[in-house]
Protein chains: 2
Amino acid sequence: MTLRSKPREFDFADAYPTRLKTGETLSPRRDPVLWQAWSEDAPIGRDEAEQYDEKGYLIRKNLFSDDELKQLVETSDALRRSGNGIDAEDLVAEPDTDAVRTIFRLDRHSDVFARLAEDARLAGVAQFLLGDDVYLHQSRLNYKPGFTGKEFYWHSDFETWHAEDGMPRMRAVSASVLLTDNSKLNGPLMLVPGSHRTWIACQGATPQDNHKTSLKQQKVGVPSDDTIARLVRENGLDVASGPTGTVIFFDCNTLHGSNGNITPDPRSNAFFVFNAMSNALRAPYAASNPRPAFLANREPPRAIRTRQTSLTDA
Amino acid sequence: MTLRSKPREFDFADAYPTRLKTGETLSPRRDPVLWQAWSEDAPIGRDEAEQYDEKGYLIRKNLFSDDELKQLVETSDALRRSGNGIDAEDLVAEPDTDAVRTIFRLDRHSDVFARLAEDARLAGVAQFLLGDDVYLHQSRLNYKPGFTGKEFYWHSDFETWHAEDGMPRMRAVSASVLLTDNSKLNGPLMLVPGSHRTWIACQGATPQDNHKTSLKQQKVGVPSDDTIARLVRENGLDVASGPTGTVIFFDCNTLHGSNGNITPDPRSNAFFVFNAMSNALRAPYAASNPRPAFLANREPPRAIRTRQTSLTDA
């Protein structure tokens with residue numbers, strides 16, 4: 001498949017100022033959502049491409065075999081149990097307990113998840129959506145336990161990636177692979193359809209080492225209640241529930257969050273952020289220092305060569 | 001309608017010991033759920049009576065006219081805004097903010113809610129289910145705001161009413177009248193069907209003035225995670241979503257809880273607990289002092305004479 005388009009010449013000046021002293025402002029997105037036209041060669045259907053463009057996300061099911069899912073789930077369970085084999089920097093615990101909530105740089109800690117990151121079903125779709133070669137900006141395993149799973153408040157990932165990581169433009173896509181069944185009751189991902197078309201420049205300066213608290217509870221770089229309410233009123237609210245193996249692709253600027261979870265059913269997913277090669281990180285746009293490497297890959301980007309084979313073919 | 005049955009002779013010894021030092025124990029419920037057989041005179045259908053008996057709850061819709069709902073919603077909004085006209089004792093705020101979360105003794109603060117408490121659509125159904133005259137054990141207006149609504153952890157109401165209020169037997173029913181539309185995403189009531197048939201005697205002694213913290217976050221008198229997980233695994237999990245005006249009747253021992261709510265949509269309901277006249281409160285079974293009157297009506301019980309007229313007929 002040769003879907004690469006020549007990257008546009010970017011103006012790397014700050015296209016999306018944020019963390020403003022003057023207050024929150026809303027403006028139209030300045031970048032495309034779908035970076036190339038759909039064609040017969042695309043790895044997703046025309047209706048899927050249109051839906052991604054319109055809503056800012058795409059939910060795909062039944063992409064993996066039972067054997068592949070079994071291996072992914074077993075590997076994720078083993079990774080969480082063997083937390084002591086993983087650098088402390090790559091681990092985040094629940095606010096009130098020591099339970100592992102997140103393992104960063106997932107591709108470094110597991111061969112099968114490294115293969116998943118390069119799989120055509122994820123990276124190939126990302127290449128198509130972004131119209132460019134892609135590299136891995138961030139990867140992680142998320143685990144929200146039953147009974148005590150905490151909420152993730154509404155946010156646009158791009159706001160943080162731009163402000164604190166120096167991602168120039170909205171040319172990145174996340175792929176979340178569900179590793180548990182997600183009902184509407186166990187804290188599933190909620191998305192505001194169409195919200196990706198509005199840039200919300202947030203109020204407030206970035207504190208030093210903001211990521212040390214923002215990973216547990218984000219306080220800077222979140223939209224105001226009034227703005228969230230207005231966007232939900234205008235666009236509705238969608239929920240990415242589905243069985244294990246469901247994949248949610250969502251644009252870097254789509255407003256999303258999740259409720260806490262008192263049900264006994266945990267929620268887990270593997271999360272990969274693909275950034276366009278032409279959109280590699282620069283200096284942070286609204287923070288004094290860039291965040292550490294486990295949150296934002298600042299190495300010279302390496303374009304992913306996508307794999308077409310089964311995940312179980314080691 | 002004359003559905004009263006002669007109350008059985010009760011043994012007022014402690015039929016349900018709880019707050020045990022030795023640990024949590026599970027045993028079968030010792031009381032009926034449906035306290036009389038269904039007949040043509042009953043205010044609910046035979047299938048509804050069977051469902052209540054089997055699951056421990058019953059969800060009824062379209063009971064109220066648009067005018068009635070409008071008056072209930074407007075009155076609840078006014079009550080929350082005019083909080084300063086209500087005794088501080090009858091108000092509970094959200095843990096992290098000052099927003100009104102609960103107004104107790106709702107029937108004292110509003111004529112229309114006083115009429116609702118005596119309405120045949122609520123109190124008449126309670127009389128039938130409990131096979132006795134009924135009185136109001138507790139009433140309250142609950143309001144869970146959008147964005148920051150906190151979870152209510154799993155619990156059986158009867159466990160607290162027995163331990164701390166001295167309610168002898170499982171012969172009480174709650175009626176929750178939804179005053180907002182409840183989706184599955186804005187922290188709706190979740191129930192474990194069939195859980196009402198198991199008595200979970202909880203571990204741990206009751207702290208002095210436990211209600212001062214337990215109303216915000218209950219820590220004593222809640223089942224263990226293992227027990228909740230087992231009951232959900234065996235019985236599933238149900239959610240009482242529905243439009244404004246939906247009424248959920250649930251047995252005093254049905255395990256229930258609700259997730260937090262980051263959506264912009266608040267959740268509100270009017271909550272009435274009907275207790276059988278024959279089941280009036282005695283001394284607390286597992287606490288040194290009874291809870292205050294706003295939580296548990298300890299006055300000589302007054303049997304409700306049900307009203308058949310519209311709520312809007314003042």
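The legends below describe close-up views of a predicted two-chain model.

Residues are numbered from 1 along each chain as its sequence is written, and chains are lettered from A, with ligands numbered from 1, in the order in which they are written. In this predicted model local features need pLDDT of at least 70, side-chain atom pairs count only at pLDDT 80 or more, and totals for chains, interfaces and linings use all residues; side-chain values use heavy atoms, with hydrogens and water left out.

**View 1. The sheet of chain B.** Seven strands build an open sheet in chain B, in the order S2-S11-S7-S13-S5-S4-S3, with antiparallel pairing. The edges are strand S2 (57-60) and strand S3 (91-93) of chain B; each has a single partner strand, so one side of each lacks a neighbour in the sheet. On average, neighbouring strands of this sheet are turned by 15° against each other, direction ignored. Strands (E, at least two residues) and helices (H or I, at least four) are DSSP runs, numbered from the N terminus. Two strands pair if DSSP finds at least two bridges between them. S2(B) and strand S11 (residues 247-251) of chain B run antiparallel and are joined by four bridges. Within this pair, Leu58(B) stands opposite Phe249(B).

**View 2. Two helices on the sheet of chain B.** Helix H4 (residues 111-118) of chain B lies across strand S5 (134-144), strand S7 (172-178) and strand S13 (267-276) of chain B. H4(B) runs at about 45° to S13(B). Helix H5 (residues 120-130) of chain B also packs on the sheet, where it touches S2, S5, S7, S11 and S13 of chain B. The direction of H5(B) makes about 40° with that of S13(B). Contact means heavy atoms within 4.5 Å. Axes are lines fitted to C-alpha atoms, for helices over the stretch in contact, and angles run from 0 to 180 degrees between N-to-C directions.

**View 3. Ser139(B) within strand S5.** Ser139(B) lies in strand S5 of chain B. Ser139(B) is buried, with a relative accessible area of 3%. Buried means under 20% relative accessible area, exposed over 50%, and partly exposed in between (1.4 Å probe, protein chains only). The Ser139(B) side chain reaches the backbone nitrogen of Leu106(B) at 3.0 Å. A polar contact is a pair of N or O atoms within 3.5 Å; within protein, one must be able to donate a hydrogen and the other to accept it, and residues adjacent in sequence count only if both atoms are side-chain atoms. Beyond neighbours within four places in sequence, Ser139(B) is in contact with residues including Ile103(B), Phe104(B), Phe271(B) and Phe272(B).

**View 4. Arg80(B) in helix H2.** Arg80(B) is found in helix H2 (residues 66-81) of chain B. Its relative accessible area is 22%, which makes Arg80(B) partly exposed. Leaving aside neighbours within four places in sequence, Arg80(B) is in contact with Val100(B), Ile103(B), Leu141(B) and Tyr143(B).

**View 5. Helix H6 of chain A.** All nine of the nine residues of helix H6 (residues 157-165) of chain A are buried, so H6(A) is largely enclosed by the rest of the structure. Among them are Phe158(A), Trp161(A) and His162(A). Ser156(A) caps the N-terminal end: a side-chain oxygen lies 3.2 Å from the backbone nitrogen of Phe158(A). Gly166(A) follows H6(A), with a positive phi near 80°.

**View 6. Helix H8 of chain B.** In helix H8 (residues 225-235) of chain B, the buried residues include Thr227(B), Ile228(B) and Leu231(B). Their cover includes strand S1 (25-28), strand S6 (152-155) and S9 of chain B. Just after H8(B), Gly236(B) takes a positive phi of about 80°.

**View 7. Positive phi in two loops.** Most residues other than glycine have a negative phi. Phe147(A) has a positive phi, near 70°. Phe147(A) sits in the loop between strand S5 (134-144) and strand S6 (152-155) of chain A, and is buried at a relative accessible area of 12%. Phi of Asp209(B) is also positive, near 50°. Asp209(B) belongs to the loop between strand S9 (198-201) and helix H7 (211-214) of chain B, and counts as partly exposed at 40% relative accessibility.

View 8. In the interface, 22 residues of chain B are in contact with 22 residues of chain A. The two chains bury about 1800 Å² between them, 74% of it on carbon and sulfur atoms. In chain B, Phe147(B), Leu185(B) and Ile262(B) lose the most area to chain A, together 39% of what that side buries. Buried area is the accessible area (1.4 Å probe) that two parts lose on being put together, summed over both. Of the interface residues of chain B, 100% are also interface residues in chain A, so the copies meet through the same surface.
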